[in-house]
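The exercises below are meant to be worked with the sequence and the coordinates open side by side.

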Amino acid sequence: MIRSMTGYGEAEVATPAGRLRVELRTVNHRYLNVNARLPNSLARYEPEIREWLRRDFVRGHVNCTVRLDRESAAAELGLALDADRVAAYMALLEELRARFGVPGDLDLSLLARFGDIFVREEPGAEAIAVEPAALRSAVEQAAAATVVMRTDEGRRLQADLEERLVAIERALAVIRELAPERLVAERDRLRAAVADLVDSRSIDETRLAQEIAILAERWDINEELVRFRSHLELFRGLLDADAEEAVGKRLAFLVQEMHREANTIGSKANSAPIAHQVVAIKDEVERLREQVENVE
């Protein structure tokens, strides 16, 4: 069963610093390309994240976004309250009221005017609470969810690809039936053409047979049909391979070979009905190519 390169997965893990969220979005790419977006406090884990993702993905562009949802707005901003400074301000204000008889109440609006009671935590301090094991767990859970989606999409891709293969096989079967008729029609055409030029009793049947034999060799498409069937069989075998095996590149190569064989058959056709079937085959091969681009 093949897998698509299109997928999405997410996961959440609780940590002392808050909820760790990981989102993965994957699309088709010739190779494996991982793009990680991390908070500054977790940036040092980017190489590890790439290695963890390589265990689940062989091809595709992978966007990995990691967020750390803080428990409070202050923590989100990286701010904390300097309790010692607040206590000092409150003591001084009480002393001011007691010694000089200043009226008024000590309230939050007054204390909030002293901006230095809010301090910014040291950079990286919040990252200490995020353990590598928690980050890895979130990444692997998101990857597992993405693989499930890529597998489901792969089933739909495979069903469409198999329909294309059946359509190609039908066209090839028609071509196999039409191929011998070309020689009979050409023999009759040559005989009629010669009869128009000379007395029909003077036609050299041996020479005519030789000409037909030469045409038969020139127009022979049996080898192309055999190779085309071989490509179809191998293509089907790869579709049924283990999902853990990346087969997209080999499928793309087979599609190229199918297109080559179709072109050769078309050049040798010398028959409108066969040419029509070749056009149908090339149309299906092009659809195969478009779909195969998204196979891992």
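**Exercise 1.** In which helix is glutamate 261 found?

*Solution.* The model is a predicted one, in which local features need pLDDT of at least 70 and side-chain atom pairs count only at pLDDT 80 or more, while totals for chains, interfaces and linings use all residues. Residues are numbered from 1 along each chain as its sequence is written, and side-chain values use heavy atoms, with hydrogens and water left out. Glutamate 261 is found in helix α8, where helices (H or I, at least four residues) and strands (E, at least two) are DSSP runs numbered from the N terminus. Its relative accessible area is 5%, so glutamate 261 is buried; buried means under 20% relative accessible area, exposed over 50%, and partly exposed in between, with a 1.4 Å probe and protein chains only. Leaving out residues up to four places away in sequence, glutamate 261 touches Glu224, Arg227, Phe228 and His231, contact being defined as heavy atoms within 4.5 Å.

**Exercise 2.** Describe how helix α8 is placed against helix α9.

*Solution.* Begin with the axes, which are lines fitted to C-alpha atoms, for helices over the stretch in contact, with angles running from 0 to 180 degrees between N-to-C directions. The axes of α8 (residues 248–269) and α9 (residues 272–292) come within 9 Å and cross at roughly 165°. The two helices are therefore roughly antiparallel to each other, given that angles under 35 degrees count as roughly parallel, over 145 as roughly antiparallel, 65 to 115 as roughly perpendicular and the rest as oblique. Next, list the residues that make the contact: they include Leu251, Val255, His259 and Ala262 of α8, and Ile274, Val278, Ile281 and Lys282 of α9.

**Exercise 3.** Which residues of the largest nonpolar core touch the most other members?

*Solution.* A nonpolar core is a set of buried Ala, Val, Leu, Ile, Met, Phe, Trp, Tyr and Cys residues joined through side-chain atoms within 4.5 Å. The largest such core has 32 residues, and Phe228, Phe235 and Ile281 touch the most other members. At least two residues of this core come from each of α5 (132–197), α7 (222–239), α8 and α9, and α5 gives the largest share, eight residues. Isoleucine 281 itself touches Ile168, Ala171, Leu172, Ile175, Phe228 and Ala262, when residues up to four places away in sequence are not counted. A second, separate core of 28 residues includes Ala11, Ala17, Leu53 and Ala142.

**Exercise 4.** Is leucine 53 buried or exposed, and what does leucine 53 touch?

*Solution.* Leucine 53 lies in helix α1 (residues 46–54) and, at 1% relative accessibility, counts as buried. Beyond residues up to four places away in sequence, leucine 53 touches Leu24, Val34, Val62, Cys64, Val139 and Ala143. The C-alpha atoms of leucine 53 and leucine 32 are 9.7 Å apart, with the two residues 21 apart in sequence.

**Exercise 5.** Where is aspartate 82 placed, and with which residues is aspartate 82 in contact?

*Solution.* Aspartate 82 is in the loop between β5 (79–81) and α3 (83–100), and its relative accessibility of 21% makes aspartate 82 partly exposed. With neighbours within four places in sequence left aside, aspartate 82 is in contact with Asp116, Ile117 and Val119. For aspartate 82 and aspartate 116, which are 34 residues apart along the chain, the C-alpha separation is 8.0 Å.
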